[in-house]
Amino acid sequence: MRICSLVPGATEGTFALGLGGQVGGVSHECDWPPEAAERPAVTASLVDTAELTSAEIDSAVVAATQDGKPLYAVDEETWAQIDPDVVIAQELCEVCAVTTDNLEEIVSAQAVEVEVVPYSPSTLDHVLASIVGLGVRFNAEGAADEITGGFRSRLDRVRAALAEVETHPRVFISEWLDPPFAAGHWVPDMVEAAGGIEVAGMSGEPSHRMRWTDVAALEPDVVILAPCGFDLDRTLSEVVTLDLSASLLGTPARQESRVFAVDANANFSRPGPRLVDGVELLAYLLHPAAYSDPGIPWSRLRL
């Protein structure tokens, strides 16, 4: 069976399930595990974000959406060379990746027979269920049970370690930088599992646009910068253009120096097996006296 995965989180899941040998194509954003980046990319972004700031990227995406222009293209020549039997796509966010609707239009136009498997988890429990679903679809149930069982065991260890903590910090996780977006979907579940309270994002709901003045008004104890699509280095390079010190003035997070940057791509943005690493990192950042540093890269911003 030839699999083409157009969802980075699902790509991570298929490789974790031991199906990497069947993955013949991926999206241009599928860079983990490293072997995935060696597969042919069948998609490309129509907005070149490499040299743009987060504000410029937001403006470009908004303009394209308002004009009804697609954000991604599918390389039909590469598609034909791979000739997949199954394509994994998502319905969650048209900004993040090719959607199942886009893909079905291409499949229909090419008059080819291919099964489209949706992968669109919206909560932390749904991420685990979706990994199980991949295991069932691709005859890897045992591996799926092992992955999700290990994931749940690690969550249980986090909750047990934090069972006696007396305070639950108010947390704002920003899914974008300029403007800030309140993180939704599975991220509030991660905050809850790590002993915090997400002050703006809602579990299972999309992220939503805010202003930094709105964030400050919520008086978060902790602010975590986890812009979708950025790794830690890219996030830190973007922060220098923002006046977060002034924007967060008066908040407990600013006063107590609890503003952090993390690797969103690896541990927060993608609904795959590495989300549990993000939960463990959050547990340490929110409760350093109760939970030890898991050794996952992060940075404290000195505002």
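User: Contact means heavy atoms within 4.5 Å. In this predicted model, which residues of α6 does α5 meet?

Analyst: The model is a prediction, and the two helices span residues 124-137 for α5 and residues 141-161 for α6. From α5, the residues that take part are Leu124, Asp125, Leu128, Ile131, Val132, Gly135 and Val136. Their partners in α6 are Glu141, Ala144, Ile147, Thr148, Phe151, Arg152 and Leu155.

User: How many nonpolar residues does the contact of α5 with α6 have?

Analyst: Sorted by class, the contact of α5 with α6 includes 2 polar and 3 charged residues. The remaining class in this contact, the nonpolar one, has 9 residues.

User: Are α5 and α6 roughly parallel or roughly antiparallel to each other?

Analyst: Two packed helices are described by the angle between their axes and the distance between the axes. For α5 and α6 the axes lie 7 Å apart and the angle is about 160°. Angles over 145 degrees count as roughly antiparallel. The two helices, α5 and α6, are therefore roughly antiparallel.

User: What is the handedness of the crossing in which α5 passes α6?

Analyst: The crossing concerns the pair whose axes are 7 Å apart, α5 and α6. The crossing of α5 past α6 is right-handed.

User: Are α6 and α13 roughly parallel or roughly antiparallel to each other?

Analyst: The axes of α6 and α13 are 10 Å apart, and the angle between the helices is about 5°. Angles under 35 degrees count as roughly parallel. The arrangement of α6 and α13 is therefore roughly parallel.

User: Which residues of α13 make the contact with α6?

Analyst: On the α6 side, the contact is made by Phe151, Arg154, Leu155 and Val158. By class, the residues of the contact of α6 with α13 are 7 nonpolar and 3 charged, with no polar ones. On the α13 side, the residues are Leu275, Val276, Asp277, Val279, Glu280 and Ala283.

User: Is Val276 buried or exposed?

Analyst: Val276 lies in helix α13 and, apart from residues up to four places away in sequence, touches Phe151, Arg154 and Leu155. Its relative accessibility is 2%, and the cut-off for buried is under 20%. Val276 therefore counts as buried.

User: Which residues is Ile88 in contact with, leaving aside its neighbours within four places in sequence?

Analyst: With its sequence neighbours within four places set aside, its contacts are Ile3, Cys4, Ser5, Leu6, Val7, Ala10, Thr14, Val117, Tyr119, Leu134 and Phe138.

User: Which residue does a cis peptide bond join to Trp32?

Analyst: The omega angle of this cis bond is about -5°.

User: What is omega for the cis peptide bond from Asp178 to Pro179?

Analyst: Pro179 has its place in the loop between β7 (170-177) and β8 (180-182). For the cis peptide bond that leads from Asp178 to Pro179, omega is near 5°.

User: Is His185 buried or exposed?

Analyst: His185 sits in the loop between β8 and α7 (187-193). Its phi is positive, near 55°, although His185 is a residue other than glycine. The relative accessible area of His185 is 10%, and under 20% means buried. His185 is therefore buried.

User: What is the phi of Glu219?

Analyst: Glu219 is in the loop between α8 (212-217) and β11 (222-225). With a relative accessible area of 49%, Glu219 is partly exposed. Glu219 is not a glycine, yet its phi is positive, at about 50°.

Definitions and conventions. Residues are numbered from 1 along each chain as its sequence is written. This is a predicted model: local features need pLDDT of at least 70, side-chain atom pairs count only at pLDDT 80 or more; totals for chains, interfaces and linings use all residues. Side-chain values use heavy atoms; hydrogens and water are left out. Axes are lines fitted to C-alpha atoms, for helices over the stretch in contact, and angles run from 0 to 180 degrees between N-to-C directions. Helices (H or I, at least four residues) and strands (E, at least two) are DSSP runs, numbered from the N terminus. Angles under 35 degrees count as roughly parallel, over 145 as roughly antiparallel, 65 to 115 as roughly perpendicular and the rest as oblique. A crossing is left-handed if the near helix is turned anticlockwise from the far one by less than a right angle, and right-handed if clockwise. Ala, Val, Leu, Ile, Met, Phe, Trp, Tyr, Cys and Pro count as nonpolar, Asp, Glu, Lys and Arg as charged, and the others, Gly among them, as polar. Buried means under 20% relative accessible area, exposed over 50%, partly exposed in between (1.4 Å probe, protein chains only).
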